[in-house]
Amino acid sequence: MELPFAEPFRIKMVEEIYPSTREEREAWIKEKDYNLFNLESQKVFIDLLTDSGTGAMSDKQWGAMMTGDESYAGSQSFQKLKSTINQITGYEYVLPTHQGRAAENVLFSALVKEGNVIPGNSHFDTTKGHIEFRKAHAIDCTIDEAFDSELIHPFKGNIDLHKLEEVYKKYGKENIPFTLITITCNSSGGQPVSIDNIRKVKALSDKYGIPIFFDSARFAENAYFIKEREEEFKNASIKEICKTVFALGDGMTMSSKKDGLVNIGGFIALNNEELYKECGNFGIIYEGYLSYGGLAGRDLAALAQGLNEATEYPYLKSRISQVEYLGNKLIEYGIPIQQPIGGHAIFIDAVKFLPHVPREEFPAQTLGIELYKEAGVRGVEIGTILADRDPETRENRYPKLELLRLAIPRRTYFQSHMDYIAVALKNIFDRREEIKSGYEITWEADILRHFTVKLKEK
């Protein structure tokens, strides 16, 4: 008999979490204007709000923190991080930042001007926010298959080449500073992008003289799916695949709180020295000196170790298998999710789950609130509230998919937690016909409203 898969690690420390009552949770979420971001962490039993900075670090990472070099300039920790990034990505120039959106802010300050357009595959919320804050426009060129949650396609994060070329023809290279490829594509369900697609995007972009950059928060998970699903790379190592991907682009931004396996941090990596110098000026203004970028030396050291661990197959197999386990449980219960199952999260199709809740009453947010009330599980809406209003018309933007994301922190929860989440969702699914109304907004920010929005029941 073949041995079952087991996690390639063991546990040294645990943290107590509080299983509250339904009555407590109903009162708490109402006090917080039905915004799951506003809840204090001790009022959450299983926290799937994000996988960003919420995972557990290894013993080697903690050891690296103890020997971190806290020098302001040129620390040994930075030198080690730079060397690690060079080896994994092939990019020569590295600018650390305190997190991924800070890396976007620095890079976009150098590249994005008013009136520009930035095509890509379903830009993430902060990415779109940084673009629109500069009075530029993000254009989604994701393949149509990504928006059919029941359709099985191995690379739903792929860019549609016809859509992309139409953008290139319409706006011209003078108005397109770069194309952004998000790996994996979070907003379409944690879906991967194939190397075949990236090569074709590269060839098309070269034809029009447009650079390619990567939003690389989950680049290692993307490499895992390439190894599993792209025949050419089935015998390649994860690190070999990563270098192959990054060789097709001009640079990258990174939220290290995902595939860096750390609780804080980010970076920009480039091969263009002039762009590096320009970004360096903004980095010093916004983040700190070139060799620390808003991070302590111990954070840089932990990140260098984390990047090496995250680009090893056994770790990725363990991490993605846990997500698949939860996804398969939900499929077994008939719950509609984005398929195939993505790398870092389960994305529930809220319109199919709650067919009686109108789109203007935010079915994904409604489902997220129901899940919290039911079981103390916190997810996050990837739907109309997150999509924000159109910056010109100020009308709600209704995305093609209205999703509740359950992001699984790395090396944090057990299989029994996955079973608990699945049963909680089944309980709600069994009574879904009773849920006929959602929520309305009572206050919202002008941009990135989902973080601070206030709601009330309809």
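Buried means under 20% relative accessible area, exposed means over 50%, and partly exposed lies in between (1.4 Å probe, protein chains only). Helices (H or I, at least four residues) and strands (E, at least two) are DSSP runs, numbered from the N terminus. The model is predicted: local features need pLDDT of at least 70 and side-chain atom pairs count only at pLDDT 80 or more, while totals for chains, interfaces and linings use all residues. Residues are numbered from 1 along each chain as its sequence is written, and side-chain values use heavy atoms, with hydrogens and water left out.

**Stop 1: strand β8**

Select residues 266-270, which form strand β8; five of its five residues are buried. In a regular strand the side chains alternate between the two faces of the sheet. Here G266, I268 and L270 on one side are buried, as are F267 and A269 on the other.

Strand β2 (residues 93-97) runs antiparallel to β8, with five bridges joining them. Within this pairing, L95 has I268 as its bridge partner. Strand β7 (residues 251-255) is also antiparallel to β8, again over five bridges, and S255 is partnered there with G266.

**Stop 2**

Next select S122, in the loop between β3 (117-120) and α5 (125-133). Is S122 buried or exposed? It counts as buried because its relative accessibility is 6%. The side chain of S122 makes a polar contact of 3.0 Å with that of T142. A polar contact is a pair of N or O atoms within 3.5 Å; within protein, one must be able to donate a hydrogen and the other to accept it, and residues adjacent in sequence count only if both atoms are side-chain atoms. Leaving aside neighbours within four places in sequence, S122 is in contact (heavy atoms within 4.5 Å) with residues including D140, F147 and C185.

**Stop 3: helix α12**

Select Q322 in helix α12 (residues 313-332). Q322 counts as buried because its relative accessibility is 14%. Not counting residues up to four places away in sequence, it touches I408, P409, Y413, F414, Q415 and M418.

From there, go to F414, in the loop between β12 (403-407) and α16 (415-430). F414 counts as partly exposed because its relative accessibility is 40%.

**Stop 4: salt bridges**

A salt bridge is a side-chain nitrogen of Lys or Arg within 4 Å of a carboxyl oxygen of Asp or Glu. The structure holds 33 of them. D51 lies in the loop between β1 (46-47) and α2 (59-66), so the pair ties together parts that are 268 residues apart in sequence. Both D51 and R319 are buried.

Last, select R431 and E374, a salt bridge with closest N and O atoms 3.2 Å apart. R431 is in the loop between α16 and β13 (439-443) and E374 in helix α14 (residues 363-375), 57 residues apart.

Methods
Two strands pair if DSSP finds at least two bridges between them.
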